[in-house]
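These are my notebook entries on one structure. I record what I looked up, entry by entry.

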Amino acid sequence: MTLPSFHDIRAAADRLHDRIVRTPLTRSAWLSDLTGADVWLKLENRQIEGSFKIRGAFNALLRSPVAGAVTASAGNHGRALACAAKELNMPVTVFVPRTAPRAKLDPIRAHGATLVLCETYDEAESDAIAHARDRDVPYISPYNNPEVIAGAGTVGLEIFEDLPDVDLLVVPVGGGGLVSGIALAAAGHGNTEAIGVEAAASPVFTTALAHGHLVTVKVGPTLADGLAGNAEPGSITFDLVRDLGVPIAAVGEDQIERAMRALAANEGETAEGAGAVGVAFVADRGGLQGKRVTIIVSGGNVDPDRLR
């Protein structure tokens, strides 16, 4: 599989220009006062379908030589791909864990996609890959796909256009598609650093970097359901994260819960657990004084009962 490049991210931005919204980049007075840094929030929770995933979904379908696709998803990628496929008049089948929030499952059905429920994300991914292979239909991974990664990287381009002198980008990490795209964009921009943040309950990349390769980890229950699950063996996202030198940190459930609550109370923003891990990391991290930091709030699709 060919690794995406900064040029691919630029091309994706041109391709997506009239298909997505340019999400706000807003300064957080609360986090800036708390950390002594100049902290900004890239609000992808306000993106079409409630997450950054629409960027990669549209880019992958627009670049696909075949009309139609199969995917696995924790929820947001499936929702985004179903939306994009509906607009492009393509059939799509989405495999998801049955524990995914209704805020993600119901829109997949509403967009007319075929929805297949599995016990876990890992099962959904393996079943989706087999389904696509057996039917000779493209499998569009939510992360292990160059076009998906390039689409995700357009988040970084927007940040650099609005805030060129940002020092640090803080990025949620599940399968690694977003952090790979952001790190590629940062490498093309200049001196900006990127750091990934994953849920401690699903320590895929912290474990992989410690071992030098992807290994299967035990995934526990987490508020960050969008980040939960192992990465596909041989995923190019590990190569990109390793080769670009992106450090990965992990946050616990108490930190994620506090971050979701604080975003609602201090910023008026609804963030799902996966979207709040960057805030959880920055809120509890020292040593950021004087830095200009942007946190990507990657999604806001959380069931109302859970948020309450």
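Entry 1: I looked up strand β7 (residues 193–199) and found it mostly covered, with six of its seven residues buried. Buried means under 20% relative accessible area, exposed means over 50%, and partly exposed lies in between (1.4 Å probe, protein chains only). Strands (E, at least two residues) and helices (H or I, at least four) are DSSP runs, numbered from the N terminus. I note that the model is predicted: local features need pLDDT of at least 70, side-chain atom pairs count only at pLDDT 80 or more, and totals for chains, interfaces and linings use all residues. Residues are numbered from 1 along each chain as its sequence is written, and side-chain values use heavy atoms, with hydrogens and water left out.

I then looked up the pairing of β7. Strand β6 (residues 168–172) runs parallel to β7, and five bridges join them. Val-171 has Gly-196 of β7 as its bridge partner. Two strands pair if DSSP finds at least two bridges between them.

**Entry 2: an open sheet.** I found an open sheet of three strands in the order β3-β4-β5, with parallel pairing. Its edge strands, β3 (69–72) and β5 (114–118), each pair on one side only. From one strand to the next, the twist averages 15°. Five bridges join β4 (residues 92–97) to β5, and Val-94 has Leu-115 of β5 as its bridge partner. Helix α5 (residues 102–110) packs on this sheet and touches β4 and β5; its direction makes about 145° with that of β5. Axes are lines fitted to C-alpha atoms, for helices over the stretch in contact, and angles run from 0 to 180 degrees between N-to-C directions.

**Entry 3: two helices.** At what angle do the axes of α7 and α8 cross? I found that helix α7 (residues 146–162) and helix α8 (residues 177–189) have axes that come within 7 Å and cross at roughly 50°. The two helices are therefore oblique; angles under 35 degrees count as roughly parallel, over 145 as roughly antiparallel, 65 to 115 as roughly perpendicular and the rest as oblique.

Entry 4: I located Val-219 in the loop between α9 (204–211) and α10 (236–243). Val-219 is partly exposed, with a relative accessible area of 31%. Leaving aside neighbours within four places in sequence, Val-219 is in contact (heavy atoms within 4.5 Å) with Ala-201, Ser-202, Ala-228, Gly-229 and Asn-230. Val-219 and Asp-122 are 97 residues apart in sequence and 9.6 Å apart in space, C-alpha to C-alpha.
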